[in-house]
Amino acid sequence: SPEAPQSSPAIEQDTLNLLLTHNSLNQLWALMMRDFQTTFPRGAQSVGKVLKADYRDAVTGHVIGEKTILMDEELLTKYLESELKWWKGERAAQGVCLEEAYKCGSCEFADECGWRKGKIEEAREKMRMKRDGSKSMV
């Protein structure tokens with residue numbers, strides 16, 4: 001596994017001095033807000049309108065999925081509420097669109113996924129209907 005990047009003693013000393021100088025949550029908060037104002041002088045208008053979330057494996061940190069959306073507070077809120085309902089066990093899992101079904105191959109829930117099993121059964125039924133339809137035409 002790759003080693004953690006080494007920090008220089010000067011950076012470590014600067015960090016220590018920063019923490020000693022701002023040694024309370026109120027002081028750290030004030031420092032953070034000043035830094036935000038310096039970094040983003042026009043507030044929210046200083047950043048773009050595209051948001052991207054990377055979903056990462058908890059063990060390896062590898063990206064296992066991503067979602068990119070145009071910033072729309074109402075749509076973002078609906079999306080996050082829906083996702084959180086799943087994480088809290090308040091709604092069933094929802095399958096991906098068929099174009100993204102390749103993701104099922106790396107999903108740890110693929111073996112017990114009702115959506116996936118349903119799609120497989122739909123495909124089998126279509127094949128049976130095609131086969132039975134072609135037999136009756138002969």
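**Figure 1. Salt bridge between Glu100 and Lys103.** Glu100 and Lys103 are joined by a salt bridge in which the closest N and O atoms are 2.9 Å apart. The structure shown in this and the following views is a predicted model. Glu100 is partly exposed, with a relative accessibility of 31%. Lys103 is likewise partly exposed, at a relative accessible area of 29%. Side chains of opposite charge can pair when their charged atoms come close. In total, the structure holds 10 salt bridges.

**Figure 2. Salt-bridge network of Lys52, Asp54, Arg56 and Glu66.** Salt bridges link these four residues, Lys52, Asp54, Arg56 and Glu66, in a network. Within this network, the side chains of Asp54 and Lys52 meet with an N to O distance of 3.9 Å. That distance qualifies as a salt bridge because the side-chain nitrogen of Lys need only lie within 4 Å of a carboxyl oxygen of Asp. The two partners fall into separate exposure classes: Lys52 is exposed, with a relative accessible area of 53%, whereas Asp54 is partly exposed, with a relative accessible area of 34%. The assignment follows from the cut-off for exposed residues, which is over 50% relative accessible area.

**Figure 3. Helix α3 and its two ends.** Helix α3 spans residues 73–87 and has 15 residues. From its first C-alpha to its last, α3 reaches 21 Å, close to the 21 Å expected at 1.5 Å a residue. The N-terminal end of α3 is capped by Asp72, a side-chain oxygen of which lies 3.0 Å from the backbone nitrogen of Glu74. After the helix comes Gly89, whose phi is positive, near 80°. Gly89 is located in the loop between α3 and α4. With a relative accessible area of 62%, Gly89 is exposed. Its C-alpha is 20 Å from that of Leu76, a residue 13 places away in sequence.

Figure 4. A polar atom of the Arg91 side chain lies 2.8 Å from the backbone oxygen of Ser82. Arg91 also forms a salt bridge with Glu83, the closest N and O atoms being 3.6 Å apart. Glu83 is partly exposed, at 25% relative accessibility.

**Figure 5. Leu98 in the loop between α3 and α4.** Leaving aside neighbours within four places in sequence, Leu98 is in contact with Trp115 and Lys119. For the pair Leu98 and Lys119, a sequence separation of 21 residues corresponds to a C-alpha to C-alpha distance of 9.1 Å.

**Figure 6. The loop between α1 and α2, with His22 and Asn23.** His22 is placed in the loop between α1 (9–21) and α2, and Asn23 is placed in that loop too. These two residues have contrasting accessibility. His22 is buried, with a relative accessible area of 14%, whereas Asn23 counts as exposed, at 62% relative accessibility. His22 falls in the buried class because the cut-off is under 20% relative accessible area. Apart from its neighbours within four places in sequence, His22 is in contact with Gln27, Leu28, Leu31 and Arg34. Asn23 and Ile11 are 12 residues apart in sequence, and their C-alpha atoms are 18 Å apart in space.

**Figure 7. Nonpolar surface patch including Met32.** Trp29, Met32, Met33, Phe36, Phe40 and Val47 form a nonpolar patch on the surface. Together these residues present about 540 Å² of accessible area. Met32, one of the patch members, lies in helix α2, which covers residues 25–39. Met32 counts as partly exposed, at 32% relative accessibility.

Methods. Residues numbered from 1 in each chain as written. Predicted model: local features only at pLDDT ≥ 70, side-chain atom pairs only at ≥ 80, totals over all residues. Heavy atoms only, no water. Helix = DSSP H or I, 4+ residues; strand = E, 2+ residues; numbered from the N terminus. Polar contact = N/O pair within 3.5 Å; in protein donor to acceptor, adjacent residues only side chain to side chain. Buried < 20%, exposed > 50% of the residue type's maximum accessible area, 1.4 Å probe, protein only. Contact = heavy atoms within 4.5 Å. Patch = residues over 30% accessible without salt bridge, like charges linked within 9 Å, V, L, I, M, F, W, Y side chains within 5 Å. Areas by Shrake-Rupley, 256 points an atom, 1.4 Å probe, with all protein chains shown as cover. Expected span 1.5 Å × (residues − 1).
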